[in-house]
Amino acid sequence: MLRLSDALAPVHVRLTSRAALAVAAMVFVGSSAMAAAGSAHDSVVTILIRWAPLLLTGFLFNLLISVLSMAVGTLAGIPLGMMQLSPLRPVSRLGYYLTQFFRNAPWLVLLFICVMLLPFEFRVAGLRIPFPDWVKAVVGFSLPAMANVSEILRGAVLSVPTGQWESAESLGFNRRQTMFQIILPQCIKRMLPPWMNLYSLITMSTVTASVVGVSEMLTMTAQVHAAEGSRPELLAPLYSFAMLCFFVYAYPIGKWTEYLERKYQVKD
Amino acid sequence: MQVIYDWFLAFYERTGINLSFIYDNFDRTRIIKGFWLTIELSMITIALSVIVGVVGAWLKGARSGWVRHSVDGFISIFRNTPPLVQIYFFYFGLGFMLPRVMDPISGTMAPMVTNFQWAVLSLSLFAGAFNIEIFRSGMEAVPRAMVEAADSLGYTRSQIYWHVVLPLAFRNCLPALGNNLVNLVKTTNLAYAIAVPEMMYAAKQIWSDSSNVREMMIFLLFAYVFLVAILVYGLNWLERALRIPGYGQMGGR
Amino acid sequence: MTQPDRGFVSLRDVHKTFAVHKVINGISLDVARGETICIIGPSGSGKSTLIRCINALVPVDQGSIHLDGIEVNTPKLDKLALRRRVGIVFQQYNLFPHKTALENIMMAPITVLKQDRAEVEARARALLKKVRLEGKEGAYPGELSGGQQQRVAIARSLAMRPDVMLFDEVTAALDPETKKDVLTTIQDLARDGMTCLVVTHEMGFAREVSNRVYFTEGGLIVEHAPPAEFFSNPQDPRTREFLSQVL
């Protein structure tokens, strides 16, 4: 299905990103101005320049957590998705309930459970392996990622036309051969846009790790705030800066996902 | 009812599994209040986010390029920034800028907008941004041929919109809209971070007092999954009730 | 080994119901080896389902289907053995979009029959030549026209060296120019001695190529005769009505 907006895509993208950046910049400048108004302290820009390296390191840590969670979640989610598609009813039921359970659970609750209930270290063959909070957070984010990847896989397999199954069966392929040689290769393209969308959501949610004490960007923002005398007017610019970082990372990913979606649709 | 409560107290003494939110009056009240607040928060944000979605989708069809691109900018910002930071920005960042008013009940100076209200505002805008996209694509997925057919039958523009486009667009959107609303209910959980006494906050208070972290966490998990499952079930029912035979997706195996 | 009173492909009193709808109401037919038959009839008369029953894609509720001694409708059917003997071509071609034309043809003999790759490749190239698509070995289905895709689909089924070929309205999704190529391909196959069961709307093709024409309606065979007789002198009033509508 071709949309009229596709024809205007290049112009559309430029104007939208301009608009978005304009609004973001306005928010940023506006709140900074308010903060700076009538104050004898350092200006917001000075403060941000001073602390930017630290905050950006924190941001990179968020990205690390997001990449690891997505990797683990995908590795676990694909077998779970295959379980949902199994012709053996007990296996598919189990896969279904596990998927639904972890999809329906709020991510913050899962995070809390992982951080609070998992042990702080492992003892394996006499060796003590520490299990730091941020790794527990990765586990916490991998669980909903896994469930969503499972659903994405299931959706992709179901979207392959029945004719493919029929002709494969008529040529004598058994179920396993059909799945791995014919159906799954066709699914990869279909899975990419929702998968990237999921990655974006996971990245956004990594900031909730601050609530359970992981030292990522938001925690550091609070520390910076305290270091600057806890002036309340600094909060808006500081949070705007955090939002700006995520925006700059997520926006291109979102646009590329849209491009992939369109590309796939037109071909069909 | 007291019999049940006593049983659970005995259960605790027997097994060490402390479900104080059942047998203890105070804890039970706290968790029930939290539960209802979660529901209240969810329902208000769902309603407001749908309104934001409808208004935004309508604005996106505006003639003025500025209006259209502003809406796009709004959507872009709320989709590409973390909802938790959005909540913090509203509550901490903007909240302090508003004047304090005299609270008639307690007689003290209280913020003009409560944390609950900030949470509602922030979450409604967040979910609303996604809804605008969903409503827009639902409308665009209605084949042009239908609009042309209605036009040739003599329908006016607003009649076409109301009788042909909207019913089909609504059915188109339902899966995505339902998904978004489910996500919204899960996201209301974040209000915990600004001390809105929803279910998780209540649970935290209970485990701080009674040291039953493990039990509370597991209960919380199942309580939320249960709530969301009800919503999912309701949405599936709605989708089935509205289904038009032969229209929409047909699955493979 | 063929049983004496049954044809190479033989159906006896086959019944099939989908939910509440009885699609096949007691069909019996026999096809001799090397014969080509055409099945015509209005939509919904059970033709497509019948074809799918013959190669066990759809189980029958009642009745028996034999294919050169293989009993198709038993639960213990060796599906692989059946599928080696029967090839089927669908209306929607159903080529695998992520493989080239040559790979589509080669896949099943290599994976399912475990035949030698070099030998299969040679056979595949010969088949592409036979369906007049020489030079399209490296093309993906998306790059081919409907008619070309359908001919690749025919070659793909032929690669398994079946004894019987089933065709389910294979030209219905094609435009008139490309239809002719596909029909000619089927005609060549029939002339070479392949046993063919062709469900089709193409009356001209039925008249020219088939040994017998079967008319189905309401899940039953109403009439069947050699084409000359069938088209010039239909016996049953339902047949006459159908023919008057389509000719």
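Helices, as the term is used here, are DSSP runs of H or I with at least four residues, and they are numbered from the N terminus. The model is a predicted one. Just after α9(A), G229(A) adopts a positive phi of about 85 degrees. As background, an α-helix has 3.6 residues a turn, so residues three or four places apart point the same way.

Chain A also meets both of the other chains discussed here. In its contact with chain B, 47 residues come from chain A and 41 residues from chain B. On the chain A side, two or more residues are given by each of α2 (9-36), α4 (89-104), α5 (107-117), α7 (162-170), α8 (175-205) and α10 (235-267). Of these, α10(A) gives the most, with 11 residues. The side of chain A that touches chain B consists of 36 nonpolar, 9 polar and 2 charged residues.

The contact between chain C and chain A involves 17 residues of chain C and 15 residues of chain A. On the side of chain C that touches chain A, α2 (79-85) and α3 (101-111) of chain C each supply at least two residues. The largest share comes from α2(C), with 3 residues. By class, this side of chain C has 9 nonpolar, 6 polar and 2 charged residues.

The largest nonpolar core has 193 residues. Helix α6 of chain B, residues 115-140, gives the most to this core, with 13 residues. The residues with the most contacts inside the core are A242(A) and I105(C). Leaving aside residues up to four places away in sequence, I105(C) touches A124(C), L127(C), L128(C), V152(C), A155(C), R156(C) and A159(C).

Chain C also contains an open sheet of 6 strands with mixed pairing, in the order β6-β7-β8-β3-β9-β10. Its edge strands are β6 (86-89) and β10 (220-225), each of which pairs on one side only. From one strand to the next, the twist averages 20 degrees. Strands β7 (residues 164-168) and β8 (residues 195-199) of chain C pair in the parallel sense over 5 bridges. In this part of the sheet, D168(C) has V199(C) of β8(C) as its bridge partner. Helix α6 of chain C, residues 176-191, packs on the sheet and touches β3 (36-40), β7 and β8 of chain C. The direction of α6(C) makes about 150 degrees with that of β8(C).

Two loops of chain C hold a further backbone feature. Most residues other than glycine have a negative phi. In the loop between α1 (47-54) and β4 (62-67) of chain C lies A56(C), whose phi is near 60 degrees, a positive value. R161(C), in the loop between α5 (146-158) and β7 of chain C, likewise has a positive phi, near 55 degrees. Are these two residues buried or exposed? A56(C) is buried, because 21 other C-beta atoms lie within 10 Å and 20 or more are required. R161(C) counts as partly exposed, with 13 C-beta neighbours inside 10 Å.

Notes
Residues are numbered from 1 along each chain as its sequence is written. Chains are lettered from A and ligands numbered from 1 in the order in which they are written. This is a predicted model: local features need pLDDT of at least 70, side-chain atom pairs count only at pLDDT 80 or more; totals for chains, interfaces and linings use all residues. Two residues are in contact if their C-beta atoms, placed from the backbone, lie within 7 Å. Ala, Val, Leu, Ile, Met, Phe, Trp, Tyr, Cys and Pro count as nonpolar, Asp, Glu, Lys and Arg as charged, and the others, Gly among them, as polar. Two strands pair if DSSP finds at least two bridges between them. Axes are lines fitted to C-alpha atoms, for helices over the stretch in contact, and angles run from 0 to 180 degrees between N-to-C directions. A nonpolar core is a set of buried Ala, Val, Leu, Ile, Met, Phe, Trp, Tyr and Cys residues joined through C-beta atoms within 7 Å. A residue is buried if 20 or more other C-beta atoms lie within 10 Å of its own, exposed if 12 or fewer, and partly exposed in between; C-beta atoms are placed from the backbone.
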